[in-house]
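Let's take a friendly walk through a protein model. Have a look at it first, and then we'll go through some metal sites, charged pairs and cores.

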Amino acid sequence: MAAAETDREAPSALCAEYLDFSTKDTASEWLRASDLPKEVYQHLAFHVPKIYCLGPNLNPQSEELRAQLQLLAPLEWYLFGEEPTLALARLETSNQPSQLCGHVFKVGEPTYSCRECASDPTCVLCMQCFLGSVHKEHRYRMTTSGGGGFCDCGDAEAWKEAPYCQKHEPNSSYCSEDPLAQLSEDMVARCYNIFSVVLKYAVDMLTWDKEELLPAGLEHPDRADTYYCMLFNDEVHTYEQVIYTLQKAVNCTQKEAVSFATTVDRDGRKSVRFGDFQFCEQAKSIIVRHTSRQSKPLKVQVMHSSVVAHQCFALKILAWLGHILGYSDALRRILCQVGLQRGPEGENSSLVDTLMLCDSKMWKGARNVYHQLLMNSLLMDLKYKKLFAIQFAKNYRCLQTDFMDDDHERVVSVTSLSVQLFTVPTVARMLIVEENLMTTIIRTFVDHLRHRDLQGRFQFERYTALQAFKFRRVQSLIGDLKYVLISRPSEWSEQLREKFLEGLDAFLELLKCMQGMDPVVRQVGQHIEMEPEWEAAFTLQMKLTHIISMMQEWCATDERVLIEAYKRCLSALSQCHGGFTDGEQPISLSLAGHSVETIRYQVSQEKVSIHLPVSRLLAGLHVLLSKTDLANRFPEQLPLSELSPPMLLEHPLRCLVLCAQVHAGMWRRNGFSLINQIYYYHNVKCRVEMFDKDIIMLQVAASMMDPNHFLLVVLSRFELFHIFSSADCRKRYRDGNKDVVQQNNTLIEEMLHLIIMVVGERYVQGVGQVESCDDIRREIIHQLSIKPMAHSELVKALPENENKETGLEKVIDTVALFKKPGVTGRGLYELRPDWTKHFNLYFHHYSRADQSKAEEAQRKLKRQNAEDSALPPPSVPPLCPLFASLVNLLQCDVLLSLLCAVLQWTTEPSGGHCTESMLQRVLHLMGMALLEEKQQLESSSGDDDITFSFTSKISRPGEAPSTSGSILALLESLQNAPHLEAHKDMIHWILKMVLNIKTQRERSASTSAVSTWGTSQEAVGERDKAERKRKAEMARLRREKVMAQMSEMQIHFINQNKELFQQSLQELDASAAPPGGHASSTPCTVGPEVLVCVGPRTVPLPERSRQTVTCILCQEEQEVRTDGRAMVLAAFVQRSTVLSKNRSRPLPDPEHHDPLFMHPDLAFGTHTASCGHIMHATCWQRYFEAVQVKEQRRQQRLRVHTSYDVENGEFLCPLCECLSNTVIPLLPHTHCVEQPCPVQSSLEVWINSVSQLTAAQTEVDQQTEGRTAEEGVEACGEGSSLNCPGSTFSSSVQEMLTTFGTATYKIGLKVNPNDQDPRVAVMSWASCAYTIQSIERLLTDEEKPLFGSLPCRQDECLRSLARFGSSCWTVAGLETVHKHFTRLLAAVVPDMKLNTPCVLDMDMFHLLVSMVFSYSSVPNLDQSEPSCIGSAHLHLLQLITVTHTVQILISSAPESSMEQENSGSELEEEEMTLRLYNTLRTRLDGLLPEVSSGWHLWRCVQAGILPFLRSAAIFFHHLNAVAAPPELTVAGHCQWDALCSYLSLPSNLLQLYYSHHTLLEPFLQGWCCHPGVKKALQGDEAVIRFPRESNRLIQLPDDYSALINHASSFTCPRSGGDKSRAPTLCLVCGALLCSQSYCCQTEVEGDDVGACTAHTFSCGAGLGLFLRVRESQVLFLAGKTKGCFYPPPYLDDYGETDQGLRRGNPLRLCSQRYRQIQKLWQQHSVTEQIGHAQEANQSLVGIDWQHL
Ligand SMILES: [Zn+2]
Ligand SMILES: [Zn+2]
Ligand SMILES: [Zn+2]
Ligand SMILES: [Zn+2]
Ligand SMILES: [Zn+2]
Ligand SMILES: [Zn+2]
Ligand SMILES: [Zn+2]
């Protein structure tokens, strides 16, 4: 970059040039010029290089300014002939604004589409328009734009209703006159002239491909020879490659390289070097060399600087044009004319054509700019939009071909404009008629799929990567076709018919290439060697599914088109089937007295294909013929006689048989590719135009054939004929091969199922007599019969139409009830009970798994309703006339003989040859037949027209070989068979039906029915007996089941409790025990004595003195003792900023930070939590070592991370798997041995003695400091023997004390462990204080009582922390602790010698905790003084309370304007507070505001000090093991007195000061004259006020789209105005970050991390909660390696989240769920949550969290 640093011209030179130059003069010269283009070009040739030819732009403002003044201003002057700003303003006011909004979407901007009114889903509104439209009250869909595209507001064709928002509503005075009429003729001419020149210039420059020369007229005579080395974007090379290469090639820093790469990616090109030719060429060759190894090299050009300069300006010109057009529709129209005017080369040579045709050669930035201009001009003017559309269609093939070779994404290709043109119905239809667009698109598509097999079918098998890439691209053509077809014509012109049918022909050609593609042959013996390619073919099928459906819908709107289409489709099919009947001799099959001839073909041995689009299209058209009744009305016009049912039937049947054989396991050796194909064949995405149509085709064929013949062919294709044909009937039993028997059984089941479907599936309009919503309703009923489902699950199970609608909403409420979700989970739909009777076990869209789930669910439901368990077929709608003969399948001889055979097998002793499913299907078929007969009976007037007589047929005695009698008799014999228990109810149901029908027939025949009655009555009696027996048996079974359920429930209960056990702090409410639930909070009932938790009157709970616990690892019990085996509590220590009042404070320097005094902003704290599980220290150590070893092995073996970091001491609690990183030792309560002090020494005496002692000690320390280090340690040891109540600590307890102290120190300060550091003790005190404070906040926020509402584990944790704190001097050394105490004391008892923070810079609770803990180090020299630590603690508390009061008065004095309430009871307090305040004012020289009311001040002190007092109460409660007073175990506000009394404080706190006035007066003086106080009060920095409010997560908007909108205007802070791809919101502080992107990576502690991770370090001490706005997903991050996603607090109307924003339903904030997230944060449970999520889902561990 050597030459890059050349300075730009000095500003003075710039000014001089301005003075010489007059825009007005230039413009008037141009006006006079005879050859305007030449003049303008000359001007540009002179000025453009001067502005844009100067290397890297160091001063963009000056460049902008100069371009505006010297280049654009003359154009404007020429155009308007006056001051441009005035002219533009005038134009704007007189302009009749377009009704079109035309707002062009930025990437990530929200777009809205109305699901009720939009013509198609591509019609969208911008947020402004949407909010001003009626659609916001409709069902709408919200998505984020991928960039490009514009708002369709005002386009009447885009909306079925309400096309205008309020803003774009055409006013009544709107005149549709030519907008040009508003301009003077002169101006029109000038405008025309200048637009022609500059547009031509811009097009010339953007399409210019020479590196050295310029277009004629632009050459500057004395040009300087400088060059740019221009790097272009491609989609092949990665960011890393480009960055690496650039660093090598142009010698830049990584940061510069990143910036270059980002610009290249955004704009498509960027000059990376400026200088002479040699210099640039050198860089180019390095880049090419470096990138050519694996792939084609990066594109680099060395371009003359003047070429680049003109190209830059060309882009500016286009932007300028777009800007000018915004003022006037007239100007827009002129530009459109200029752009579309035919050039000298004739057709397709206009400037717009030139641009389009060169599109794929331009760089990304240029394309974006001119696309934008096209959208602002041609697409905004309805007249020119059509003209442009025609040009676009003319060039279509060419543009698409270019696009295939272009390596840019489609969004930056001009081809993507098709959506703007083709979705306009009138334009689309015009293009079909005039430009034959449909045919063009299809032909272009077919041409690009070149690989065919010998029969001309597509073959994707040997696709190379490049071809696969093209195949993906070519699919966008299908999208275009979809746009064209999306709106169906309501009226057909003759031309439209002709062109549509021509298109259909082309389409049939395409389908013919697909018919029979990818055929498969069954693999026997060996498994296939290579999985054949199948995805491409299915992708094609899937993409075409909607097109095929739309073609049919187009045909349905016009009878003539339908008839013609049917003919053409039929002839296409015949062509596909050429040679169908040739070849071998047909074979003849006969059964049950019927025989048929068919071809010899076996699916299991010959080729078969799943792809039959031509057959299926014909099936679809046939149904339409039936639906429109055309076949009935114009049979003569239809080629019905040409139809050969066996031919129609053949291929779909083969395909269905293939599926059956695959199910039967016959195709196992063909691998997964076939399994996948079968899966997709039935899948909701494909089935409409695959499986469903094959069933229809079978129905078509069956309805035209003798049912017996149909079934014979089916039997033959299923290769089952020999089993049922009389001769071979027994062969099946002799066949010893078990596999074959099983295969055949499955095949029989599948075949019976197929027959059920062929007769029973009548919910397609045209097949059955149904309404349009019936099919979707049935679909929903059957989904909900499986289980209650969420809205999105249902949507997924239903096929979507081309508008992405399922029709679900229309019917859902009639069949289902909606159940709202709770705090977790989602809303569910449940089937209404009255719809269960429509349940069909053999619903054709059930998979086998669905079927068995549904069966189970339905039987359960029946049991619950105490009904029998039969699931008979539901009644079905009648068939349409064309399909009416289908019912005869049910009573034809072949079927009856099949039924009979199966029943026969069932009765045989070896019953195993018949499966239950087989019997079930047979019974179902019989049920269907009976229902049919019943329906016919009911709807007919007499017996004559009833053609259906199933009952009589099954009552007939059977023929040979089944000589056993009628089917009915067989059935009756089966009803008591013990092995058919499960089918009893169904058989019973059938027999009842038969009886019913017979009765009905007899009644209608009114013949003597007595005899039959009699026999049946008898039968009934017999049956009743059997029934009773059966019921007894059933009862027994039920009892057994109940027992089994009981034991299951037990197991379940245990599991559930384990979960309860594991539940994190979030379930605080649930575990809130009633007061007295556990020992620590039992209100003391010992006597009338007042409970006091601190001071000489403290009475500890007796039972607390001895504590026995059980180790969770070895299950041994152990008493907690100081001299025994140490017991420990699993704990998790983490840094926290949850309480922080100042997130801008920089992180403390780990090595030099002094944590002794906590600042009241609580910027960083150390939090300790525990799951409450206790272990022996030794057991834990063994466990942890085992974990370490295991992890080392695992990491070596699998190289995977775990959810915990063993190297950092992390492990999971062995019982509850809670993340832990240390243990806290359990210690007994030590002070209980102490005698209550009879007399309390006064504060004065105590302070004096303590001061003396510390002074003395300090002297001793100073003396010892002279000695060597070893001696120091020794002295320390001596010191500890001086005075220690618990010197009897066992080594194991000592070791654990060190472990925990060091862990807190290490994590809290982020330093290496060092148990000798004096800060070890301080950190564990601070952690105790911080943890108590955060718990106190939580209790306040949730309005919980101070005591008794915490789960045991937290109590246990706090107790251990408190005990630990008071014992930790044994680890840290008395001397060290004493030094701490001396410093702490100096902060309260001002001592000028020591440098202590001022009273405003200390958190008083931290001070209290530290002082109480460090007080143990104060030697008790004066033996006459009662040795009473308790009273010392009380003195400390009193002293600090006074200090805090003063702190509050100084920092938090209220505004005196506040309303004062009347309350006379606390006059004394108020008066004293005011007095103290005024004293302070005097001391502080009036820095405090004047406050006249003591009332306010006292309230302020009370409110401010309350958190401190509450924290202190928790602290002493645990430290001294004192019971909680009953008043504090209930929630409520007025607990001031109880609290003060518990703390031994007067409820008038001011008394503390005034009763020790003489002692405290000098202290007060000392606090006030600390320089820090004055500085803080005068300074700008906000002083922390009390009470500190609890931190909450930021407020989120109610409507999610507001967030999307907010994020869409967010630009990356690093890459100059670029839109961020993954804008992410910090929920803690509200910062928006540019996540997951190179541009915003930074280095934190030696690693490159993404913006989110970096932010967690500054905002959350390593922990972060974010909302990924585009994904609608909450992100938790902890450290660099841990993270998880969490459901967002936004729900749609169906109670579901939309992670990934895929569904686009409107989302609203669920405050309950947001509070839940906030609670996780406030409770410090986020890390734990991440741990659990990662344990549950291992794939989360692999995510590269640090780059987010
Ligand atoms: Zn709009
Ligand atoms: Zn609008
Ligand atoms: Zn609407
Ligand atoms: Zn143990
Ligand atoms: Zn645990
Ligand atoms: Zn960024
Ligand atoms: Zn933040």
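A residue is called buried if its relative accessible area is under 20%, exposed if over 50%, and partly exposed in between, using a 1.4 Å probe and protein chains only. By that rule, Cys114 counts as buried because its relative accessibility is 3%.

Some ground rules: this is a predicted model, where local features need pLDDT of at least 70, side-chain atom pairs count only at pLDDT 80 or more, and totals for chains, interfaces and linings use all residues. Residues are numbered from 1 along each chain as its sequence is written, ligands are numbered from 1 and chains lettered from A in the order in which they are written, and side-chain values use heavy atoms, with hydrogens and water left out.

**Zinc sites**

Donors here are N, O and S atoms within 2.8 Å of the metal (3.2 Å for Na, K and Ca), and sites may look incomplete as water is not among the atoms.

| Zinc ion | Donors | Distances |
|---|---|---|
| ligand 3 | Cys114 (SG), Cys117 (SG), His135 (ND1), His138 (ND1) | 2.0 to 2.2 Å |
| ligand 4 | Cys1111 (SG), Cys1114 (SG), His1176 (ND1), Cys1179 (SG) | 2.1 to 2.4 Å |

Along the chain, the donors of ligand 3 follow the spacing C-x2-C-x17-H-x2-H. For ligand 4, the spacing reads C-x2-C-x61-H-x2-C.

**Charged pairs**

A salt bridge means a side-chain nitrogen of Lys or Arg within 4 Å of a carboxyl oxygen of Asp or Glu, and the structure holds 69 of them. How far apart are the closest N and O atoms of Glu809 and Arg139? They are 3.3 Å apart. Glu809 is buried, at 16%, while Arg139 is partly exposed, at 26%.

Another salt bridge joins Arg332 and Asp329, with closest N and O atoms 2.8 Å apart. Both of these residues are buried. Then there's Glu1490 with Arg1481, at 3.9 Å. Glu1490 is exposed, at 58%, and Arg1481 is partly exposed, at 22%.

**Cores**

A nonpolar core is a set of buried Ala, Val, Leu, Ile, Met, Phe, Trp, Tyr and Cys residues joined through side-chain atoms within 4.5 Å. The largest one has 281 residues, and Phe195 and Leu540 have the most contacts inside it. A second, separate core has 146 residues, including Leu1226 and Cys1500.
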